[in-house]
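Welcome! Let's take a friendly walk through a protein chain, from its overall build down to a few individual residues.

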Amino acid sequence: MRILLVEDDTAISSEVAEALKRRGAAVDVFKDGALALDAPDSCHYDCILLDLGLPGIDGAQLLTRWRKAKVNTPVIIITARDGLEDRVEGLDNGADDYIVKPFELSELEARIRAVMRRSGEGSEIVGLSNGELTLDPLSHEVKFKVQDGSEQSAPLTAREYSLLEALLRRPGAVLSRQALEDHIYAYGEEVESNAVEFIIYNLRRKIGASAIRNVRGVGWKVAKGE
């Protein structure tokens with residue numbers, strides 16, 4: 001999952017970004033509305049977290065311009081403005097949800113999952129499965145079948161979860177190294193040349209070598225399932 005966070009308060013943006021990264025998300029942070037304007041055109045985001053009081057272009061104007069430009073990514077407004085008129089205006093401008101600071105990170109994570117389910121962007125995230133592998137977004141575990149037909153589970157690191165999520169969103173499709181890196185890492189993060197291979201190696205040790213298949217010279221995939 002890749003998230004765009006537009007927030008000019010460094011303390012809040014750092015805390016939110018780190019929490020989401022621990023859950024396996026790649027988070028791109030912008031502190032200026034003008035600089036964030038073109039971000040959805042350059043990268044596919046699963047969700048946008050948007051503050052209203054921004055330098056450059058304020059959040060309300062930014063949201064309006066995105067919606068006019070047919071940016072349909074789910075948007076959650078995160079702001080200290082708690083008045084009824086502010087909430088109504090935000091939702092009328094095209095926001096999918098509205099959460100007032102200060103908020104609990106667990107609630108924010110739940111709201112992200114909810115808006116993605118409603119929009120269809122993440123309708124498959126809860127119980128994401130191809131019949132052989134099933135991701136649990138709450139426990140960050142993967143359930144998988146073994147040879148005798150029984151089911152086992154294994155805990156995943158944030159990177160392992162994010163990579164497997166990318167593959168399970170498109171079971172049967174081959175994803176290149178670049179596509180997987182784009183899903184796992186935020187803009188500007190340093191990526192080692194063999195990072196994807198290392199993550200896949202560790203995943204295979206947990207869930208079996210055949211669960212993730214390599215298409216030589218192209219990329220990796222999981223079975224399409226039934």
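This is a predicted model: local features need pLDDT of at least 70, side-chain atom pairs count only at pLDDT 80 or more; totals for chains, interfaces and linings use all residues.

## The chain as a whole

Residues are numbered from 1 along each chain as its sequence is written, and side-chain values use heavy atoms, leaving out hydrogens and water.

## Inside and outside

Of the 226 residues in the chain, 45% are buried. Here buried means under 20% relative accessible area, exposed means over 50%, and partly exposed is in between (1.4 Å probe, protein chains only). The accessible surface of the chain comes to about 11400 Å², and 47% of it belongs to carbon and sulfur atoms; such areas come from the Shrake-Rupley method with a 1.4 Å probe, and for residues only the protein chains shown count as cover.

Contacts (heavy atoms within 4.5 Å) tell another part of the story. Among the contacts in the chain with a separation of 6 or more, 57% are between residues 24 or more positions apart. For a spatial example, take G131 and A223: they are 92 residues apart in sequence, yet their C-alpha atoms are 8.7 Å apart in space. G131 sits in the loop between α6 and β6 (133-136) and is partly exposed, at 45% relative accessibility.

Is β1 enclosed or open? Look at its residues: 5 of the 5 are buried, so β1 is largely enclosed by the rest of the structure. In a regular strand the side chains alternate between the two faces of the sheet. In β1, R2, L4 and V6 point one way and I3 and L5 the other, and all are buried.

Two strands pair if DSSP finds at least two bridges between them. Strand β1 is joined to β2 (residues 26-30) by 5 bridges, and the two run parallel. One of the bridge partners is A26 in β2, which pairs with R2. From β1 the chain crosses through α1 to β2, and this β-α-β crossover is right-handed: with the strands pointing away from the viewer, the path from the first strand over the helix to the second runs clockwise. Strand β1 also pairs with β3, in the parallel sense over 4 bridges, and there I3 has C47 as its bridge partner.

## Charged pairs

Side chains of opposite charge can pair when their charged atoms come close. A salt bridge is a side-chain nitrogen of Lys or Arg within 4 Å of a carboxyl oxygen of Asp or Glu, and the structure holds 11 of them. One of these joins E7 and K101, whose closest N and O atoms are 2.8 Å apart. E7 lies in the loop between β1 (2-6) and α1 (10-22) and K101 in the loop between β5 (97-100) and α6 (105-119), so the pair ties together parts that are 94 residues apart in sequence.

R169 and D46 form another salt bridge, with the closest N and O atoms 2.6 Å apart. This pair also links distant parts of the chain, with R169 in helix α7 (residues 158-169) and D46 in the loop between α3 (39-42) and β3 (47-50), 123 residues apart. D46 is buried, at 2% relative accessibility.

By contrast, E18 and K21 both lie in helix α1, 3 residues apart, about one turn of the helix. Their side chains meet in a salt bridge of 3.9 Å, N to O.

Most residues other than glycine have a negative phi, and most peptide bonds are trans. A cis peptide bond joins K101 and P102, with omega about -5 degrees. K70 has a positive phi, near 65 degrees, and is exposed, with a relative accessible area of 65%. H140 also has a positive phi, near 55 degrees, but H140 is buried, at 7% relative accessibility.
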